[in-house]
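Open the structure in your viewer and keep the sequence panel beside it. The tour goes from one selection to the next and says what is there.

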Amino acid sequence: MQTSHLLAGGQRRGPVSCPHGQLSRWVPLVAALWMGALHPSYGEPLSGKSRPVAEARPTPSTDGVAEARLIEVYRQIANANHRDALRRAEKLVTDYPHFQLAQLVYGDLLSTQTRPLQAVGDVPSDLARAGAENLNALRSEAQLRIAAIKERPPADALPSQFVALSRRNKHAIAVDTAKARLYLFENTGNGTRLLADYYISVGKAGVGKNVEGDLRTPLGVYFITSSLDPKSLPDLYGSGALPVSYPNVLDVRRGKTGSGIWLHGTPSHQFTREPQATEGCVAVANPDLDRIIRTVEIRTTPVLIGKNFRWLRPSQLAAEKQLLTDTLKTWAQTKKDGQAADLLRFYANDFNADGKDLAQFAQGLRTELQKLGGRAVQLRDLSLIRWTDEAEILVVTFGEVVMGERSGRTVRQYWQRRANVWKIIYEGVAG
C-alpha cells in the first residue's frame with residue numbers, strides 16, 4: 001500500500017488476504033472505539049415531505065450513505081469479520097474514491113498483510129511525519145464521527161434552545177460544533193422529529209466569530225436567507241450554498257463584524273473536509289447538502305449554531321414555553337390597552353432597532369397605538385428560540401394580526417433577561 005498516496009486521498013484496489021494474526025493487535029483498538037457505539041437505525045434513509053427552496057431533483061437521496069457504510073466496516077472489524085470488512089472497505093473507496101477517511105481505513109486493512117497495526121491510521125513514522133497534518137485531521141475526523149454515534153440524542157428530543165417552533169418553521173437545523181454534527185429536523189402538527197444528521201467542518205480557527213477574517217464560525221441563532229445557484233459558485237463550495245443571517249441583531253449590538261457565512265458543500269476532490277477547514281462557514285458533504293437544500297425553506301428555517309447541546313423532550317420544555325408565551329400575551333394585552341407608558345416598560349433602556357433608540361421608537365409606537373384604537377392584537381405562529389452565553393436571549397418570531405384585519409406583519413423581537421425580568425432589546429419586521 002502506498003501510504004503516502006493514501007494520505008493525499010488516493011486508493012489501491014485488488015483482492016488481499018487479511019491474516020488474523022496481523023489484525024489481532026488492531027482489533028481491540030477498533031472494538032474499543034466502535035463496539036456499543038452503533039445506533040441500530042444509524043444511516044438508514046429517512047423520509048419526509050417538505051416545500052424545498054429549489055425544485056427537487058429526481059435522483060435518489062444518497063445523504064449519509066457513505067458514513068453508514070464506513071460504520072459497517074468498523075462493525076465488521078470489531079466483530080472479527082476481517083475479510084468482510086476488507087471487501088466492504090474496498091467497495092466503499094471504489095464508490096467514493098475521494099472519501100479520505102475511508103481510504104485510511106482501507107489502507108490499514110491492506111497494511112495488515114505485512115505488519116501488526118498499533119492504531120487507527122497506523123503508518124510508518126517517516127510517512128506519518130510527511131503527512132502529519134492530513135493524518136492528524138483524519139484521525140480527528142474519525143474521533144468526532146465516533147463520538148457523535150456514541151452520544152446519540154434521545155428519541156423525540158430537541159436542543160433545549162428550541163423552546164417552541166411554529167408551523168411556519170417547517171424545518172430547523174442545529175449545528176453542534178463540539179461534535180462536528182449538523183442535525184436536520186422536520187416540524188409538523190404531530191411534533192418535531194430528527195430527519196438526519198451529518199458530519200460537518202467549521203472555521204480554521206474554531207468557533208466564536210468576532211471580527212471579519214478571523215476564520216471562526218459564529219455561534220448563535222440565525223436563519224437561512226437564500227439558496228445560491230451552484231453554477232455561480234467556485235468548486236470550493238461544492239453543490240451549493242445556503243447563506244445564513246450572520247451578523248444577527250445580537251451580533252451587531254456586540255460589535256461583531258463579517259459576513260458571508262454559508263452552509264455549503266465540499267470541493268469535487270474531497271468528500272468531506274477536515275474538522276476545522278473553512279473560513280468560517282459550515283461545510284458538509286455534497287450528498288448531505290443536496291438533501292438539506294431539497295428540504296429546507298428560506299427565511300423561515302432557523303439555524304442554531306452552538307456546542308454541546310442539552311437535549312430535552314417537548315414535555316420537559318412545556319413549563320418554560322408556557323411562561324414565555326404568557327409574557328408575550330401580556331405584552332400583546334398591554335398593547336391593546338393603548339397606554340404607551342405601560343407598554344414601554346417591556347422595552348430596555350438601551351433598546352435599538354434599525355438605528356432608532358428607545359425615545360425615537362416610542363414616538364412611532366404612540367402613533368401605532370392611536371391607530372390601533374384598543375383593538376386586540378393576535379399573536380399567531382409563535383416561535384421561541386433561546387440563546388444563552390454571557391446573556392440570556394430569546395429570539396421571538398410571530399405573526400401580528402389586529403382584530404378586524406385579514407392579514408398583518410411578521411415580527412421578530414429579541415428579548416434579554418435582566419435582573420430576572422425579560423426586556424425587549426430589538427423589534428422589527430422579520431425578513
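**Stop 1: helix α4**

Select α4 and look at A66, E67, A68, L70, I71, E72, V73, Y74, Q76, I77 and A78, which are buried. The model is predicted. Buried here means under 20% relative accessible area. With 11 of its 14 residues buried, α4 is largely enclosed by the rest of the structure.

Step just past α4 to A80, where phi is positive, about 65 degrees.

**Stop 2: the five-stranded sheet**

Next, select β2, β15, β16, β17 and β18: in that order they make an open sheet with antiparallel pairing. Which strands stand at the edges? They are β2 (162-164) and β18 (421-429); each has a single partner strand, so one side of each is left without a neighbour in the sheet. From one strand to the next, the twist averages 20 degrees.

Zoom in on β2 and β15 (residues 377-388), an antiparallel pair joined by two bridges. Select A164 and then L384 in β15, which is its bridge partner.

**Stop 3: the helix on the sheet**

Methods: Residues numbered from 1 in each chain as written. Predicted model: local features only at pLDDT ≥ 70, side-chain atom pairs only at ≥ 80, totals over all residues. Heavy atoms only, no water. Buried < 20%, exposed > 50% of the residue type's maximum accessible area, 1.4 Å probe, protein only. Helix = DSSP H or I, 4+ residues; strand = E, 2+ residues; numbered from the N terminus. Pairing = 2+ DSSP bridges. Axes fitted to C-alpha atoms, helices over the stretch in contact; angles between N-to-C directions.
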